Amino acid sequence: MPTTDAASRGARRRTRSRQAVLLLVLAALVLGGATTPALASSPSPSGGQATWAMPDEGDILDAFSRNDYDEQDGSPQVATSPDDPGRQSLLFSLDGGDLRSEVRPRTPDVREGNVTFYTYAARLADDFPVDADRYQILLQWHHYGDSGSPPIALEVRGGRLQVSAEGEDLQDLGPIRSGERVDVTMRIAFSQDPDRSRVDVWRDGRQVLRGYQPPDGTLLDAGNYLKTGLYRSSSLDDGARLWLEDLRVGPTIESVRSPGSASTAIPEADTAPASGAETSSATMLIWIATGLLVLVVVLGAVVARGRRRVHRW
């Protein structure tokens, strides 16, 4: 056989060998990534202070942004807390047929990849219509768009405390009664990707929702802003009142613990993210790595076969 043919075969063998080595390196890198699950975002730091906390003295309304749209059916009033006479609260009231009375905590908007904790405490009035079968939102994370229901909200409906996603996909947090105190702590991983979104809820210090992933994610666009008060169906005939007693926002459970809330009883270890999204991301990486390894094996067999042919020649 001509020398040029032998040289050509040698060049092809070297090319195959380099390809096999490159694929092997890529597979190793992917497998290395698969052993470290992809989190919804970087882990939150331990400890820390609240990003924002409702003050308990002075003009507490100064801690909120306000506008005529949010307060179209009434403005909150500073009042004595029903549960702690030495502490101030905000009283929100709506008459039958009213739509909203809300304010916005002066806390930074949340964006893609943020993981944030919230503690919320409020007292419902003795005549609060908890059994109504339409939405009554206490706390909402609203997208920047002007239309549509918020991607995440805490609401009362049908005698239950619930988390809703865009007004639907209701997640039950347990029964709620008129005159009852609502005491919840939430951990939310914000993302437009449902696989990277997370909602965990503790009620009265006990976890009642773990690893919930809204179908469209916890963000619908570039960010969410926080609103609190009362926002409900204008078709409701009965009035409603609640006293907002505490609201805290922060990067960790430690930063949102409240002396007057069961958040103080939640162990820090119990606030680690659920593993659903991490598992799905890792599984995808493993499938990719497996495919690359199969290619390496096939290329290796081709190279070995080529070498055997050369030896026979």
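Me: Is Tyr 231 buried or exposed?

Reply: This is a predicted model, in which local features need pLDDT of at least 70, side-chain atom pairs count only at pLDDT 80 or more, and totals for chains, interfaces and linings use all residues. Residues are numbered from 1 along each chain as its sequence is written, and side-chain values use heavy atoms, with hydrogens and water left out. Buried means under 20% relative accessible area, exposed over 50%, and partly exposed in between (1.4 Å probe, protein chains only). The relative accessible area of Tyr 231 is 16%, so this residue is buried.

Me: How many aromatic pairs are there?

Reply: Rings of Phe, Tyr and Trp (its six-membered ring) pair if their centres lie within 6.5 Å; planes under 30 degrees apart count as stacked, over 60 as edge-to-face and the rest as tilted. Under this rule, the number of aromatic pairs is three.

Me: Which kind of aromatic pair do Trp 52 and Phe 64 form?

Reply: The two ring centres of Trp 52 and Phe 64 are 5.2 Å apart. Their planes stand at 70°, and the pair is edge-to-face.

Me: Where in the chain do Trp 52 and Phe 64 lie?

Reply: Strands (E, at least two residues) and helices (H or I, at least four) are DSSP runs, numbered from the N terminus. The pair links distant parts of the chain, twelve residues apart. Trp 52 belongs to strand S1 (residues 52–53), and Phe 64 to strand S2 (residues 64–65).

Me: Which residues of the lining of the largest pocket lie nearest its centre?

Reply: On a 1 Å grid over the protein atoms alone, a pocket is an open set of points where a 1.4 Å probe fits, with protein on both sides within 12 Å along at least five of seven lines; lining residues have an atom within 4 Å of a point. The lining has 19 residues. Nearest the centre are Arg 100, His 142, Gly 148, Pro 150 and Tyr 231.

Me: Which elements give two or more residues to the lining of the largest pocket?

Reply: Tyr 231, one of the residues nearest the centre of this pocket, lies in strand S15 (residues 223–232). The elements that contribute two or more residues to the lining are S8 and S15.
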